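Here are my notes on this model, as numbered points. Please read them with the structure open.

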Amino acid sequence: MLAGCAGLDAGRDFISGLTEYITGDDDNADPPAALQEYTPEVQVEVLWKESIGNGADEKYLKLIPAVAEGTVYVGDNKGHLQARGAGNGSLSWENNTDYSFSAGPGLGVHTVVMGTSTGEVIGFDKPTANSAGKSMYPAKYWRLRW
């Protein structure tokens with residue numbers, strides 16, 4: 001019986017020590033280094049700037065633009081999909097779908113591919129934005145990237 005009580009004391013001490021370590025009010029971290037002035041080595045010139053949609057509704061989505069052959073492809077979680085000229089941002093095509101995109105775009109030779117939060121993979125024709133078909137992928141085939 002006494003051996004069991006000793007085990008409980010050790011567990012309590014561990015939790016107490018861990019709690020104190022995490023929430024303790026003694027800050028023993030080194031202070032950050034002072035910021036130093038610097039001269040940028042390269043001046044960036046913005047050639048064009050465009051917005052699509054209103055963001056990701058506070059969802060962690062991988063809707064990163066894809067670039068190929070002088071065209072930028074971009075989609076948002078409200079189903080908007082656009083292709084723009086990489087050099088000047090001119091709109092090549094636009095497709096406002098009923099899908100809720102959560103991943104993409106991915107690019108094939110003739111296809112722009114977008115993923116939805118319900119597991120659908122939707123293909124669109126690169127030159128025209130017309131739907132090129134869709135497939136369902138069960139959750140067991142999904143791969144998470146961190």
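1. Alanine 68 has threonine 71 of β3 as its bridge partner. β2 and β3 run antiparallel and are joined by 3 bridges. Strands here are DSSP runs (E, at least two residues), numbered from the N terminus. Two strands pair if DSSP finds at least two bridges between them.

2. A word on provenance. This is a predicted model; local features need pLDDT of at least 70, side-chain atom pairs count only at pLDDT 80 or more, and totals for chains, interfaces and linings use all residues. Residues are numbered from 1 along each chain as its sequence is written, and side-chain values use heavy atoms, with hydrogens and water left out.

3. Which strands make up the open sheet? The order is β2-β3-β4-β5, 4 strands with antiparallel pairing. β2 (66-68) and β5 are the edge strands, and each pairs on one side only. From one strand to the next, the twist averages 15 degrees. The axes behind this angle are lines fitted to C-alpha atoms, for helices over the stretch in contact, and angles run from 0 to 180 degrees between N-to-C directions.

4. Now the hairpins. β6 (residues 101-107) pairs with β7 in the antiparallel sense over 4 bridges. A hairpin of 3 residues joins the two strands. Leucine 107 stands opposite valine 112 in β7. β7 also pairs with β8, again antiparallel, over 5 bridges. Here threonine 111 faces aspartate 125 in β8. The β7-β8 hairpin has 3 residues between its strands, and glycine 119 in the turn has a positive phi of about 90 degrees.

5. Valine 112 counts as buried because its relative accessibility is 0%. The cut-offs are: buried under 20% relative accessible area, exposed over 50%, partly exposed in between (1.4 Å probe, protein chains only). Beyond residues up to four places away in sequence, valine 112 touches several others, including Tyr73, Leu81, Trp93, Ile122 and Phe124. Contact means heavy atoms within 4.5 Å. Proline 127 is 15 residues from valine 112 in sequence and 9.5 Å away in space, C-alpha to C-alpha.

6. Which residues make up the largest nonpolar core? There are 11: Leu63, Tyr73, Leu81, Ala83, Trp93, Phe101, Val112, Met114, Ile122, Phe124 and Ala129. Alanine 129 is in contact with Trp93, Asn95 and Phe124, leaving aside neighbours within four places in sequence.

7. The structure holds 3 aromatic pairs. Tyrosine 73 and tryptophan 93 form a tilted one, 6.1 Å centre to centre with 45 degrees between the planes. This pair links distant parts of the chain, 20 residues apart: tyrosine 73 lies in β3 (residues 71-75) and tryptophan 93 in β5 (residues 91-96). Tyrosine 73 is buried at 4% relative accessible area, and tryptophan 93 is buried at 8%. Tyrosine 99 and phenylalanine 101 are stacked, at 6.2 Å and 25 degrees. Tyrosine 99 is partly exposed at 23%, whereas phenylalanine 101 is buried at 1%. Ring pairs link Tyr99, Phe101 and Phe124 into a cluster. Rings of Phe, Tyr and Trp (its six-membered ring) pair if their centres lie within 6.5 Å; planes under 30 degrees apart count as stacked, over 60 as edge-to-face, the rest as tilted.

Note on methods:
Core = buried A, V, L, I, M, F, W, Y, C linked by side-chain atoms within 4.5 Å.
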